[in-house]
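Take a look at the model below.

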Amino acid sequence: MNLGVFTLVEHSIKGEKLYGYAPYVNEINLWSNNVDDIIIVGNVKVDNIISAIDIAYTSDKLMFVAIPSFNVTSLKNVLKAIFVIPKIVISIFKVMNRVDHIHLRCPGNIGLLACFVQMFFPSKPKTAKYAGNWDPNAKQPITYKLQKWLLSNTFLTKNMQVLVYGDWPNQSKNIKPFFTASFSETEVKNVQPKEFSGPLNMVFLGSLVEGKQPLEAIKIAEALSQKGVHVQLDLYGDGPQRKRLQQYIIENKLESIVSLKGNQPKEVIKEALNRAHFSILPSKSEGWPKAIAEAMFFGVIPIATPVSCVPNMLDSGKRGILLTNDFTADINKLSALIQDKTTLNKMSKAAVTWSQQYTLERFEAEIAKILQ
């Protein structure tokens with residue numbers, strides 16, 4: 001079987017290897033284990049630099065079709081898009097015509113174009129991985145809503161399984177609740193129970209972008225420290241907000257309790273999660289928040305906003321702490337809970353039990369079922 005993957009992920013090329021964002025590439029490697037050949041249709045980074053969070057595809061039967069990137073954020077970019085979109089559509093069509101199974105990665109500009117092109121192949125088996133928030137009531141850009149509508153429309157989109165995060169009511173028959181995974185069954189035994197005594201280690205895992213609200217995570221640690229809680233917050237990730245965060249840390253003299261660690265490889269993140277007690281993710285929107293699922297795998301208690309499938313992941317507060325719009329009330333709740341070691345231990349154990357269901361082995365087995 002030949003698999004065609006259409007993705008917005010930017011790639012780098014070094015020698016004969018193709019690199020991309022590690023969580024995405026790890027997943028595609030599992031898909032490639034179950035097919036004979038794989039064709040990736042995506043962008044190449046302008047600087048072609050391999051970052052600390054990039055890894056290589058493992059398939060030795062991989063073909064990469066590079067297409068230009070585009071966006072419509074300005075008039076200049078709109079004019080550029082008018083010229084490049086026809087070329088992209090032709091490339092997508094040619095690959096879809098060639099492969100046996102079509103796999104879309106949504107939401108994104110490439111995913112949107114692929115949603116239209118796949119209509120010309122109604123008999124071919126297809127899957128779409130919608131990695132964003134599938135909540136029908138979520139406020140989202142119109143292009144995201146359009147992709148969700150196209151994927152859900154079984155008249156326009158035929159022979160398609162749409163893999164989404166969360167189990168939502170009133171969905172079309174092709175919508176399939178799904179999950180993702182980061183760790184193997186062999187890593188389960190290495191997880192040690194948490195000791196909620198002494199200094200409490202907190203982590204933020206994610207891009208330093210406005211939507212993830214890393215500044216809010218810092219403010220939570222700051223407020224808890226002001227209440228006398230001995231905390232240490234480490235932020236893992238990078239992005240355009242880094243300079244702003246660094247400035248806030250310096251201006252508020254938080255250097256002793258907050259540290260920006262930048263992008264780090266998987267092994268460093270695992271060590272951080274083994275040490276951590278809480279994972280803070282006050283994000284405005286998520287699909288399947290890997291930062292939460294990964295933390296829970298190691299018994300780290302999530303502190304997160306109730307977006308997308310997060311309330312379900314946290315069992316409405318039994319496996320973690322759901323933030324509200326009332327910052328003061330949240331801090332009071334957190335500071336009181338931190339004193340309750342019995343509840344913290346229950347939360348931590350419940351988090352481990354839930355998250356460790358979703359191993360890489362189970363993930364690959366589910367992918368194999370889909371491709372069959």
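A crossing of two helices is right-handed if the near helix is turned clockwise from the far one by less than a right angle. The model here is predicted.

Q: What is the hand of the crossing of α5 and α6?
A: The crossing of these two helices is right-handed. By the definition, the near helix is therefore turned clockwise from the far one.

Q: Which residues of α5 and α6 meet?
A: From α5 come Pro214, Leu215, Ile218, Lys219 and Glu222. From α6 come Arg244, Leu245, Tyr248 and Ile249. By class, this contact has six nonpolar, no polar and three charged residues.

Q: How do you know that β13 and β14 pair?
A: Pairing needs at least two bridges. Strand β13 (residues 278–281) and strand β14 (residues 301–304) have four bridges, in the parallel sense. Ser279 stands opposite Pro302 in β14.

Q: What is the order of the six strands in the open sheet?
A: The order is β12-β11-β10-β13-β14-β15, and the pairing is parallel.

Q: Why is one side of β12 and of β15 left without a neighbour in the sheet?
A: β12 (258–262) and β15 (321–322) stand at the edges.

Q: Which strands does α5 lie across?
A: Helix α5 (residues 214–226) lies across β10, β11, β12 and β13. It runs at about 170° to β11.

Conventions. Residues are numbered from 1 along each chain as its sequence is written. This is a predicted model: local features need pLDDT of at least 70, side-chain atom pairs count only at pLDDT 80 or more; totals for chains, interfaces and linings use all residues. Side-chain values use heavy atoms; hydrogens and water are left out. Contact means heavy atoms within 4.5 Å. Axes are lines fitted to C-alpha atoms, for helices over the stretch in contact, and angles run from 0 to 180 degrees between N-to-C directions. Ala, Val, Leu, Ile, Met, Phe, Trp, Tyr, Cys and Pro count as nonpolar, Asp, Glu, Lys and Arg as charged, and the others, Gly among them, as polar.
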